[in-house]
Amino acid sequence: MTLDKLKPGEQAIIRAVRGDGALRLRLLDMGLIPRTRLTYRKAAPLGDPIEIHIRGYELTLRLAEARNIEVEKIEHNEAEAGV
Amino acid sequence: MNRNLVFALVGNQNCGKTTLFNVLTGSNQHVGNFPGVTVEQKSGVVRSVKNRTVTVVDLPGIYSLRPYSMEEIVARDFILSEKPDGIINIVDATNIERNLYLTLQLLELRVPTVIALNMMDEVRANGGTIDIKALSTALGVPVVPISAIKGEGVSELVDRAIEVASQGILPAVWDFCGEDSPVHRCIHAVVHVIEDHAQRAGISPRFCATKLIEGDGGAMAGRLELDQNEIELIEHCIKEMEAETRFDRNEALADMRYAFIEKVVSQTVVKPKESREHRRSLAIDRVLTGKYTAIPVFLAVMFLVFWLTFNVIGSGLSELLSLGIEKLTEIADAALISYGINDVVRGLIVEGIFAGVGSVLSFLPIIVTLFFFLSILEDTGYMARVAFIMDKPLRKLGLSGRSFVPMLMGFGCTVPALMATRTLSSERDRRMTIMLTPYMSCSAKIPIYAVFSAAFFPKHAALVMIGLYVTGIVLGVAAACVLKNTVFSGQPVPFVMELPNYRLPSIKSVALLLWDKAKDFIQRAFSIIFLATIVIWFLQTFDTRLNVVEDSSRSLLAGVGKLLAPLFVPAGFGDWRAVTSLISGFTAKEAVVSTLSVLTGNTSAAELKGALPGMFTPLSAFSFLLFTLLYTPCVAAVAAIRRELGSRLWMLWVVLAQCATAWVVSTVVYQIGKRLPAFGVPGYIILAVFIVAVAAGFVWLANRSRGDVYAVAEPKGEASLSAKPKRKRGGCH
């Protein structure tokens, strides 16, 4: 699934970062690289952009950008255990 | 004598870089909690060092050394071309992973470097620890824990920085790739190929190698003067690595850096479970960016800021200042009379300079008050949330959420609104916002609307007012769509932005900002506005033979008004007095009313109200109001446009485009209205609907063609992106 499909509070691990050009590089620079774990916080009141928690800070990006990020959801108990 | 040293201050956005800069230099650089406040580089001399001159250059906050955003190019070029003696890399200890990502790239540059580990107090207060010694060993550079806000550790930082720079101590570690990994092999192979070239160019081979692997748009290959063979060899190495790691080149390098960081952090940092500041931020965000609360809270905050600025504090102070200026003018006038100064010279000083500059200066309290509130919103971190909340609607116009606040401020006064665009990190968004802000009807136009409404539409004053504001907004939206598809076509900037923790603003930082803005404004009032008021005064006072006129209707200005009047016959107000008042409205919009009063021989607004129906019909009055809504901003705003866009040509373009729009709209409305059988309030509604429809048609047309334009426009967008940094670079020298 892609990052934009997550629901508030859900955690996931990044599998791939697609897209091209400056945007993709920017995502990589901000620490969105495969294997990284993130938490989906919320969408803005109008539904876009979204806010995620990654590497200890809050990051906002647009849905269009989030669609480029392939993630794998972590089940809640698994996440609690700190896998 | 000791050698003088130059340091570059480098770090992420929101890591306290500018705070440290202020502590080091005592300069009045603004500190913001909004990503991307520093656009230009500022430098200052470190105060505490006495035996030599140590200069610190505050580079833009960046996340990486890639050459694709303006900030990164400025920072990178400074380090590569200006060759500072050392780098002070400021790292936010509360967000250490992402901050170290930039650090690793800086270390590859092989320049004497010191790491300032900021916000250590916050880490400690939350029960976290960082093994400074181990971190320093792992990174191969001195690490000094500091708290920039409290000024702790700063003198040690300066000592260590001077030590490494004066002795030329290079970072001891620069190899971050795991032993014998494919990335390691690739980097070392590339280093081997280019080593000689890099040494000739005076850049670290390691840095060149990673930039070549990352692609870099060919810039590095050109800089090193690589030949075709070498380029192909490098490409071969990279392909091999990509095949082995199954990552593409950029992913592989980012992964290498983050893997190294994770290892270092796991060995040296004991993270607090969750910091108090972060928990607090999340709690605040539940309300401030919550699904149902965000927009009401935002509107309430904006209303409060506006109300306090324009109705309570700012306007009160403004009146006081006006009174002060008036008194001063009287005293000066009396003094000039008693010294028997020539009447014309006295007129120039009192009616020209004092009145002109004075009327502009009376804006100062409003501007300072507005900036006081805005800087608090910015420093607390709320502005980043506003961008988050408002991004979606603004994106439709080709802007991003960050443009919202400046445009909103345009309803108050265009000048501070334009100054506030500095907080936009994207140059494209900034220029576009500057060009759209004049469509937001500023508060100085309210007296004009009020007088005309009272004279012509007493029963529907509110409707007319709202209609004018809405017309401005709709046309602004239409203009945005046109601009988006023409001048600013191409990719909008990605919106990947940090939402920093909420922090209490420091009083010092706010005070420094206010002083900066006030100084800026006063300087402008005494330069360009000073000149403009003299010109207008001259035109008002003299006739064509350079004789002083007794009757204002014979002045040069009236002459110009009469000359231009026929132009406005199609719009319904060919009366020379109306046109002249519009010209003097260029100095300040309130002047439209005062000039009309003078030219019609009335002294008060109440009297003027009685005289207006002789000059206008309700329809032509409405057309006149539309024109005042849309035509060129006042001289103070135009000066701000010139300054913020950095070009006279662009300024002229904005002024002409505004005037042309105003003329077309008012003419169309007048011509159609004239042909409507019974023109009354229903007529206005029909006209308003018509304007909205035309604008919407524009938007539709612009968006329809977007599909075709987009494909063609993309390279153009890129071209302009790469052209901008060049201009900026020129400006830095």
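**Entry 1: ground rules.** I number residues from 1 along each chain as its sequence is written, with chains lettered from A and ligands numbered from 1 in the order in which they are written. Because the model is predicted, local features need pLDDT of at least 70 and side-chain atom pairs count only at pLDDT 80 or more, while totals for chains, interfaces and linings use all residues, and side-chain values use heavy atoms, with hydrogens and water left out.

**Entry 2: chain B by itself.** I looked up the helices and strands, which are DSSP runs numbered from the N terminus (helices H or I, at least four residues; strands E, at least two), and found 32 helices and nine strands in chain B. Of its 733 residues, 57% count as buried, where buried means under 20% relative accessible area, exposed over 50%, and partly exposed in between (1.4 Å probe, protein chains only).

**Entry 3: the interface.** I then asked how many residues of each chain are in contact. Taking contact as heavy atoms within 4.5 Å, I found 42 residues of chain B touching 33 residues of chain A. The two chains bury about 3500 Å² between them, with 56% of it on carbon and sulfur atoms; this buried area is the accessible area (1.4 Å probe) that two parts lose on being put together, summed over both.

**Entry 4: salt bridges between the chains.** A salt bridge here is a side-chain nitrogen of Lys or Arg within 4 Å of a carboxyl oxygen of Asp or Glu, and the rule finds eight of them across the interface. In one of these pairs, Arg55(A) joins Glu97(B), with the closest N and O atoms 2.9 Å apart. Arg35(A) meets Asp255(B) at 3.1 Å, N to O; because Arg35(A) lies in the loop between helix H1 (21-29) and strand E2 (37-43) of chain A and Asp255(B) lies in helix H11 of chain B, the pair joins two chains. I noted that Arg35(A) is partly exposed at 44% relative accessible area, whereas Asp255(B) is buried at 14%.

**Entry 5: a salt bridge within chain B.** Arg98(B) and Glu498(B) form a salt bridge, their closest N and O atoms being 3.1 Å apart. Arg98(B) is in helix H3 and Glu498(B) in strand E9, so the pair ties together parts of chain B that are 400 residues apart in sequence. Both residues are buried.

**Entry 6: a sheet made by two chains.** Which strands make up the open sheet of six strands? I read the order as E5(A)-E1(A)-E2(A)-E3(A)-E4(A)-E9(B), with antiparallel pairing, where two strands pair if DSSP finds at least two bridges between them. Strand E4 (residues 57-61) of chain A and E9(B) pair over two bridges, and Thr60(A) stands opposite Met497(B).

**Entry 7: Ser400(B).** Is this residue buried or exposed? Ser400(B) is buried, with a relative accessible area of 4%, and sits in the loop between H16 and helix H17 (404-409) of chain B. Leaving aside neighbours within four places in sequence, its contacts include Arg62(A) and Phe495(B).
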